[in-house]
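The sequence and structure are shown below.

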2 protein chains.
Amino acid sequence: MSTPDIAELGDRVKAASRVIAASRDETRCEALRGAASALRDAEVAILAANQDDLDRAGRDGASATVLDRLTLTSSRLAAMAEGLETVATLHNPLGSIVEARTLANGLSVQRVRVPLGVVGIIYENRPNVTSDAAALCLRAGNAAFLRGSSGALASNKAIVTALRAGLAAAGLPQDAIALVEDTSHETAVRFMQLNQVIDCLIPRGGPSLIASMRANATVPYVLDGDGICHVYVDAGADLDMAEKIVINAKVQRPGVCNAMESLVLHEAVASSMLERLAKSMSQVSLLGDERAVALSSAVSPASDADFDREFLDLIASVKIVNSLDEAITFINDHNSGHSEAIVTADQDAAEQFLTRIDAAAVLHNASTRFVDGGELGLGAEVGISTQKLHARGPMGLEALTSVRWVIRGEGQVRL
Amino acid sequence: MSTPDIAELGDRVKAASRVIAASRDETRCEALRGAASALRDAEVAILAANQDDLDRAGRDGASATVLDRLTLTSSRLAAMAEGLETVATLHNPLGSIVEARTLANGLSVQRVRVPLGVVGIIYENRPNVTSDAAALCLRAGNAAFLRGSSGALASNKAIVTALRAGLAAAGLPQDAIALVEDTSHETAVRFMQLNQVIDCLIPRGGPSLIASMRANATVPYVLDGDGICHVYVDAGADLDMAEKIVINAKVQRPGVCNAMESLVLHEAVASSMLERLAKSMSQVSLLGDERAVALSSAVSPASDADFDREFLDLIASVKIVNSLDEAITFINDHNSGHSEAIVTADQDAAEQFLTRIDAAAVLHNASTRFVDGGELGLGAEVGISTQKLHARGPMGLEALTSVRWVIRGEGQVRL
């Protein structure tokens with residue numbers, strides 16, 4: 001079977017998206033439940049395909065982290081199937097009337113929530129993204145046009161075959177979930193430029209993917225960028241609370257985007273906090289400015305670049321500030337638009353911080369780790385937007401929809 | 001005085017945007033009213049600067065249309081000043097709570113409407129865009145970073161000077177409204193790539209500007225694209241109403257994006273409609289498919305490309321279809337995502353059309369000319385988005401805002 005050209009495949013996905021947009025929500029849910037069954041039924045085939053990917057990655061000398069991300073197991077596959085069923089239980093985002101009014105000339109004007117159309121997802125090694133992203137796209141009335149990595153191609157093909165069986169069983173067009181099987185860089189660039197097909201492209205990957213999107217994409221896109229998240233411990237902080245939040249934000253899962261990368265300490269509490277953390281967070285390497293180094297032997301000197309790094313590891317930068325104002329300016333200059341927290345008992349300081357910090361999420365007396373679609377009640381997430389247009393922060397079903405003006409008249413014309 | 005480098009100017013605009021974001025709404029309104037006064041006071045200087053632009057354009061052989069767009073008069077300037085005052089009377093979009101809930105762990109989670117930050121506007125000849133766009137950006141809590149055309153540079157500089165006087169009088173930083181005075185192509189491309197400065201870029205111009213945005217922009221943007229708008233006259237249409245709507249959509253102002261470019265006729269009414277329009281809309285050249293040509297001597301043969309053209313003139317393409325389904329497919333294949341209308345007394349047909357057509361605005365028994373921020377009650381518009389992300393259709397103040405997650409706790413950490 002020859003691989004279809006990406007433009008030809010795109011046309012088929014676009015055509016399928018129109019059928020999906022006009023389908024009933026219950027039919028889409030039925031397709032998701034059918035896909036879950038098909039995924040379970042295909043366990044042997046999917047795990048065999050995954051083993052092929054793992055063998056190839058092993059021969060290519062992939063790191064343990066890469067291998068772990070790529071690995072499917074019986075229980076990971078069961079979780080993916082359950083994820084499909086969960087998405088079918090979420091609140092239907094479509095059809096709701098965002099705004100309605102009647103104009104003086106009698107026109108009825110509504111803004112109604114509708115599907116985006118074709119959502120493109122371009123992602124790296126994790127094969128579970130294939131089913132998670134496809135499920136959210138489908139439930140929101142869209143076709144999912146997927147471009148995974150070459151390293152996970154066999155796994156992704158096997159997963160997509162199961163998902164498409166779910167669509168077919170519900171009487172929906174199989175091309176509503178389609179995988180780009182040509183994983184060359186050239187085809188990735190063509191994918192990013194399919195303006196007649198893709199209504200929204202969401203990249204899920206590291207800085208090089210983001211850079212390629214910025215350089216090449218001509219379709220509308222939403223960036224799921226880095227998380228350089230700060231926790232600021234204010235002069236008015238309860239230090240027990242601050243210690244607990246800092247440790248949770250840094251240590252609970254250091255490799256994710258909502259982990260703390262930089263600790264900002266008011267000078268009034270800097271010494272006490274560093275003394276506490278030297279004991280209770282000793283597994284974390286602290287890279288600080290001159291004042292932090294002078295205050296604690298647990299702190300090594302940071303370079304300027306360290307304050308703009310997403311370590312994704314048991315490392316944190318430490319900055320000492322003289323005031324809340326300095327903290328806000330520092331964080332606005334160094335954050336990546338993800339999640340920023342203040343710990344303080346001073347309500348005025350908290351409100352200043354919550355108002356003036358420019359990020360997708362701002363938190364008072366809570367760990368940055370809560371900024372996640374599941375934790376915040378979205379049910380599931382397709383990514384976390386670090387830009388300000390369309391969707392900001394964790395993106396659930398609503399982020400995969402658009403709004404249309406629907407205007408009803410009785411022959412009105414403009415004067 | 002030397003022109004600052006665009007990156008340096010950008011940094012100043014970014015810094016000013018933070019002050020604006022933290023300013024009171026009343027202060028921003030005061031600045032708008034002050035700018036209106038300053039614009040009126042500077043009438044002589046602005047008209048003189050505009051005359052310089054007009055003289056240069058005349059020497060360069062500009063068309064009458066270009067000269068008309070560029071021309072400021074005492075009354076146009078008065079309308080601009082009034083526009084600034086009107087924007088100060090609109091509903092403040094900021095601070096509203098889009099969604100609020102308390103999680104099981106006690107965290108209070110809100111989504112709050114906030115400014116975008118720095119809004120870039122890149123536009124062609126009309127100098128009134130300078131004050132209209134700056135006013136909407138400022139009222140929504142943003143800095144306005146403006147890049148107009150070289151042909152209107154003297155006019156734009158004079159207008160921006162007045163707008164900045166309004167900011168200064170209200171105690172706000174003047175760099176919250178800034179004009180890029182280097183109008184070279186190279187600088188326009190750098191402008192489209194100022195990712196550390198521009199949170200949202202809105203182009204207002206023709207296809208070549210849109211193509212340049214797609215090719216060069218790395219900042220997030222919302223496209224104000226073409227309007228290839230259709231009116232479909234269904235088998236169940238009241239032909240008197242259909243005739244009135246078609247004429248209004250085509251003739252009332254043919255040069256704008258919400259004018260009808262293509263007429264789609266159900267075969268049951270095609271002959272009668274063409275007979276009526278041959279008389280009542282004889283000033284319009286009709287370019288039709290074979291069936292339309294066969295039905296009426298008023299119709300000339302269209303090329304395939306004519307069905308994808310935005311004529312912006314007294315020309316319309318005509319397509320005859322056998323069914324509502326065929327009309328919907330045809331319009332979905334040829335529209336530009338702007339505004340599409342059906343005329344019919346058949347409610348089922350109308351709902352099919354309103355649901356299945358993929359465009360920013362869909363209308364039943366009303367002229368496409370209503371799709372306009374002023375007509376739809378937005379007070380003013382910064383453009384009409386033909387894409388599906390962030391803002392769709394006419395963009396008012398809300399389109400110039402973002403939403404931030406605000407999370408308040410009492411020391412919660414993630415388990």
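## Terms and model

Two strands pair if DSSP finds at least two bridges between them. Helices (H or I, at least four residues) and strands (E, at least two) are DSSP runs, numbered from the N terminus.

This is a predicted model, in which local features need pLDDT of at least 70 and side-chain atom pairs count only at pLDDT 80 or more, while totals for chains, interfaces and linings use all residues. Residues are numbered from 1 along each chain as its sequence is written, and chains are lettered from A and ligands numbered from 1 in the order in which they are written.

## Strand β13(A) and its partners

Within chain A, strand β12 (residues 339-343) pairs with β13(A) in the parallel sense over four bridges. Glu340(A) has Val362(A) as its bridge partner in β13(A). Between β12(A) and β13(A) the chain passes through helix α14 (residues 347-356) of chain A, in a right-handed β-α-β crossover (with the strands pointing away from the viewer, the path from the first strand over the helix to the second runs clockwise).

β13(A) also runs parallel to strand β16 (residues 401-412) of chain B, to which five bridges join it. Here Val406(B) in β16(B) is the bridge partner of Val362(A).

Strand β13 (residues 361-366) of chain A is largely enclosed by the rest of the structure, because six of its six residues are buried (20 or more other C-beta atoms within 10 Å of a residue's own, with C-beta atoms placed from the backbone).

## Asn248(A)

Asn248(A), in helix α10 (residues 239-251) of chain A, is buried, with 23 other C-beta atoms within 10 Å. Its C-alpha atom is separated by 9.6 Å from that of Ala366(A), 118 residues apart along the chain.

Leaving aside neighbours within four places in sequence, Asn248(A) is in contact with Ser367(A), Arg369(A), Val413(B) and Arg414(B) (C-beta atoms, placed from the backbone, within 7 Å).

Methods:
A residue is buried if 20 or more other C-beta atoms lie within 10 Å of its own, exposed if 12 or fewer, and partly exposed in between; C-beta atoms are placed from the backbone. Two residues are in contact if their C-beta atoms, placed from the backbone, lie within 7 Å.
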